[in-house]
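Me: I'd like to learn how to read a fold from its contacts. Can you walk me through one?

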Amino acid sequence: MEKGLSCLYPEEEVLSVAPVVALLMGSESDRERVQPAEDTLRELGIEVITRVISAHRQPEKLRGFVEEAPSLGVEVIIAAAGMAAHLPGVVASLTTLPVIGVPLSSPNLGGLDALLSMVQMPRGVPVATVAIDGAVNAALMAGSVLALKYPEIAEAWRAYRRKISGG
Ligand code: RP5
């Protein structure tokens, strides 16, 4: 495999490719609100694997993907869902990779349903939950995690911050 970014951990340098974030959403109907996460991750130089997998409708498919994720180079998982939004919690139950949850708004309860579903995780199964429809911040949080290991991502993140600060 060809090396992507440099890595602060020398033993991983030879094998590493650009780090990957898995971006999951519970339904095709979520895509428009999730797309900004994909755009932001790419802006930071992070590869993205985007999948639509429902925790409720496709639990076995979800398990299969999460179990395969490390072999695909996935280091962080973002999971976005609306309503009874169990996607990130179920993902977190299947992995110790960092899981970032994005609660999505929906017509009846405005996203509070999804927010509470994600944020009230039991001890031992953490989900780092961002704001309702906070796809961009989920991507930036993933960037913060990966910046600890990949200097190029740290620099891209700083450049992003300078851009939004007008500096
Ligand atoms: C959730 O249910 C999905 O994440 C979506 O936000 C919501 C509605 O899904 P669809 O009925 O539109 O597929 O699981």
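Me: Let's start with one residue. Leaving aside neighbours within four places in sequence, what is Ile78 in contact with?

Reply: Keep in mind that this is a predicted model. The general idea is that nonpolar side chains in soluble globular proteins tend to be buried together. Here, Ile78 is in contact with Val21, Ala22, Leu23, Leu24, Leu41, Ile100, Val102, Ala138, Ala139 and Ala142, once neighbours within four places in sequence are set aside.

Me: How many residues are in the largest nonpolar core, and which have the most contacts inside it?

Reply: That core has 30 residues, and Val21, Leu41 and Ile78 are those with the most contacts inside it. S1, H2, S3, S4, H6 and H7 each supply at least two of its residues. The largest share, 7 residues, comes from H6. There is also a second, separate core of 23 residues, with Ile53, Ala69, Ile77 and Ala85 among them.

Me: On to the strands. What is the strand order in the sheet, and is the pairing parallel or antiparallel?

Reply: The sheet is open, with 5 strands in the order S2-S1-S3-S4-S5 and parallel pairing. Strand S2 (47-52) and strand S5 (128-129) are the edges, each pairing on one side only. As for helix H5 (residues 112-119), it packs on the sheet and touches S3, S4 and S5. The direction of H5 makes about 160 degrees with that of S4.

Me: How do I follow the pairing strand by strand?

Reply: Take it pair by pair. S1 (residues 20-25) pairs with S2 in the parallel sense over 6 bridges, and Val21 has Val48 as its bridge partner in S2. S1 is also joined to S3 by 6 bridges, again running parallel; there, Leu23 stands opposite Ile78. S3 and S4 pair over 6 bridges in the parallel sense, with Gly82 opposite Leu104 in S4.

Me: Is S3 largely enclosed or open to the outside?

Reply: Count its buried residues, with under 20% relative accessible area as the cut-off. In S3, 8 of the 9 residues are buried, so the strand is largely enclosed by the rest of the structure.

Me: Now a helix. Which residues of H2 are buried, and why do they line one face?

Reply: An α-helix has 3.6 residues a turn, so residues three or four places apart point the same way. In H2, the buried residues are Val34, Ala37, Glu38, Thr40 and Leu41. Seen down the axis of H2, they fall within an arc of 165 degrees, so they line one face of the helix. These buried residues pack against S1, S2, S3, S4, H6 and H7.

Me: What should the 13 residues of H2 span?

Reply: At 1.5 Å a residue they should span 18 Å, and the end C-alpha atoms of H2 are 18 Å apart, which agrees. After the helix comes Gly45, whose phi is positive, near 85 degrees.

How values were computed
Residues numbered from 1 in each chain as written. Predicted model: local features only at pLDDT ≥ 70, side-chain atom pairs only at ≥ 80, totals over all residues. Heavy atoms only, no water. Pairing = 2+ DSSP bridges. Helix = DSSP H or I, 4+ residues; strand = E, 2+ residues; numbered from the N terminus. Contact = heavy atoms within 4.5 Å. Axes fitted to C-alpha atoms, helices over the stretch in contact; angles between N-to-C directions. Core = buried A, V, L, I, M, F, W, Y, C linked by side-chain atoms within 4.5 Å. Buried < 20%, exposed > 50% of the residue type's maximum accessible area, 1.4 Å probe, protein only. Expected span 1.5 Å × (residues − 1). Arc of directions from axis to C-beta.
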